[in-house]
Amino acid sequence: MQESPVCPICGASEWSSVETFVYARRDRPVRRLLPLVKRWQLLRWLARVLLLARPRRLTGRARLLSPHEARLRSVLYEVWFPGQNTVTLTTMYCGRCEFMTYLPRPSAEDIRAKYRYLSDLNPPATGPVNTPSPAPATVARAERVYRLCLKHLSTHPDGQSLSDLRVLDYGGGDGRLLQPFLREGHRCFLIDYHPHPLPGVVKLADDWTTCRDDRRYDVIICSHVLEHVSDPGPTVEFLARRLARDGLLYVEVPQEIWGGLRLEADPVTHVNFFTPCALEYLLERNGLEVVASQTQVGDYEGATSEVFWALAALRRGGPALEIGAAPGEQDRLSEGVPHAGGDLRKLLYPSRRATLARLHRLSRRSVRRGKPKHDA
Ligand SMILES: [Zn+2]
């Protein structure tokens, strides 16, 4: 675990600490009262964002957990801090680029050890598996990404041909976001640990560190990946180098810093927490320019949440990105200065009026769940 890393987005070494979370091995999973416990936790969070509306001075704890949360929590005691009965994590904010993480921060090896441990707890099925068909919300999301990419490719000044695209999904599980591209006859590729890609999708590697493929792609999708990895910079640099001259990179991340990071129950799944500013700067720093971006509320595998997506292309007139260069080993392609607003309090705890409007958007979307809206 890294005690004092630099910001993985902008390289700054100054962090502001925000809140502290303390976890104890004796915190127990509960089954019978769980719905009640969850409701109580939600009420406390609502009180926190509406009434307190500032980082808490007290430590955040969740003593009663679901069995799933208890399994995730055990990563702390068995993998990241072996031998410790209590673990303290402090959430940190980079005022230069608006990125948030927590310290100590897991390294690449810690993240690999986490996945090995969790996969040993729940071994993947062996042999051919029946992949469940994607939820309606996932189908709608795949269609939205497809329409968005096609719309922007068709207006590209270089007149991109829209037939026979080469499309890569980075970290997309079995490749279900590729389905509309498959249906239209485009060539689809996948980099992911998932052992069983959808029929028609060619798996290239587990992740960028093991990928020997040196071809370029017209569309690259990286959806809900960057919040999990220890190295978001080298990951985006790898993707930028695989982008065709007039290709597009679609990146989507959850928006989770609002109301403070909610690490009480699950401190191990996400390690990076982006604002739009932090994500756009990460793209720009790697030779890309954002051509479209949006914050939106959607249904993600059964949970309503707020996400931010950006569509980026190689910067016009920028340096050529050589595929052969190893990500992370060169100076960043362009440094630039992030355009961070910087006011931590406003970012985490906006006005009560803005908070109520946000809650309203989230609750309306929850009610509508099951009838996904086809919004581009
Ligand atoms: Zn930063």
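In which loop does Arg 96 lie?

View 1. Arg 96 lies in the loop between strand E4 (86–93) and strand E5 (100–103). Helices (H or I, at least four residues) and strands (E, at least two) are DSSP runs, numbered from the N terminus. The model is predicted: local features need pLDDT of at least 70, side-chain atom pairs count only at pLDDT 80 or more, and totals for chains, interfaces and linings use all residues. Residues are numbered from 1 along each chain as its sequence is written, and side-chain values use heavy atoms, with hydrogens and water left out. Arg 96 is partly exposed, with a relative accessible area of 34%; buried means under 20% relative accessible area, exposed over 50%, and partly exposed in between (1.4 Å probe, protein chains only). Although 242 residues separate Arg 96 from Pro 338 in sequence, the two are 6.7 Å apart in space, C-alpha to C-alpha. The loop between E4 and E5 also holds Glu 98. Glu 98 counts as buried, at 7% relative accessibility, and has a positive phi of about 70° although it is not a glycine.

View 2. Pro 104 is placed in the loop between E5 and helix H3 (108–121). A cis peptide bond, with omega about -5°, joins Leu 103 to Pro 104. Ser 66 is found in the loop between strand E3 (64–65) and helix H2 (67–80), where Ser 66 is buried with a relative accessible area of 10%. Not counting residues up to four places away in sequence, Ser 66 touches Pro 29, Val 30 and Leu 34; contact means heavy atoms within 4.5 Å. Asp 164 lies in the loop between helix H4 (136–154) and strand E6. Asp 164 counts as partly exposed, at 42% relative accessibility, and its phi is near 55°, a positive value in a residue other than glycine.

**View 3. The open sheet of seven strands.** The chain has 9 helices and 12 strands, and 7 strands form an open sheet in the order E8-E7-E6-E9-E10-E12-E11, with mixed pairing. Strands of a sheet pair through backbone hydrogen bonds, either parallel or antiparallel. Two strands are counted as paired if DSSP finds at least two bridges between them. The edge strands are E8 (201–205) and E11 (288–300), each of which pairs on one side only. From one strand to the next, the twist averages 20°. E6 and E9 pair in the parallel sense over 3 bridges, and Val 167 stands opposite Val 219 in E9. E9 and E10 are likewise parallel, over 6 bridges, and here Val 219 stands opposite Leu 248 in E10. E11 and E12, by contrast, pair in the antiparallel sense over 12 bridges, with Ser 293 opposite Ala 310 in E12.

**View 4. Helix H6 against the sheet.** E9, H6 and E10 make a right-handed β-α-β unit. A crossover is right-handed if, with the strands pointing away from the viewer, the path from the first strand over the helix to the second runs clockwise. H6 (residues 232–241) lies across E6, E7, E9, E10, E11 and E12, and runs at about 150° to E10. Such angles run from 0 to 180 degrees between N-to-C directions, and the axes are lines fitted to C-alpha atoms, for helices over the stretch in contact. H6 is mostly covered, with 10 of its 10 residues buried; among them are Pro 232, Glu 237, Phe 238 and Arg 241. E9 is also mostly covered, with 7 of its 7 residues buried.

**View 5. The largest nonpolar core.** A nonpolar core is a set of buried Ala, Val, Leu, Ile, Met, Phe, Trp, Tyr and Cys residues joined through side-chain atoms within 4.5 Å. The largest has 42 residues, and those with the most contacts inside it include Phe 99, Leu 226 and Leu 279. Among the elements that give two or more residues to this core are E9, H6 and E10, while the largest share, 5 residues, comes from helix H7. Domain 1 (16–121) and domain 2 (136–333 + 342–368) both give residues to this core, so it lies between them; the domain bounds come from an automatic or database domain assignment. Leaving aside neighbours within four places in sequence, Leu 279 is in contact with residues including Leu 226, Phe 274 and Ala 310. A second, separate core of 35 residues includes Val 18 and Leu 359.
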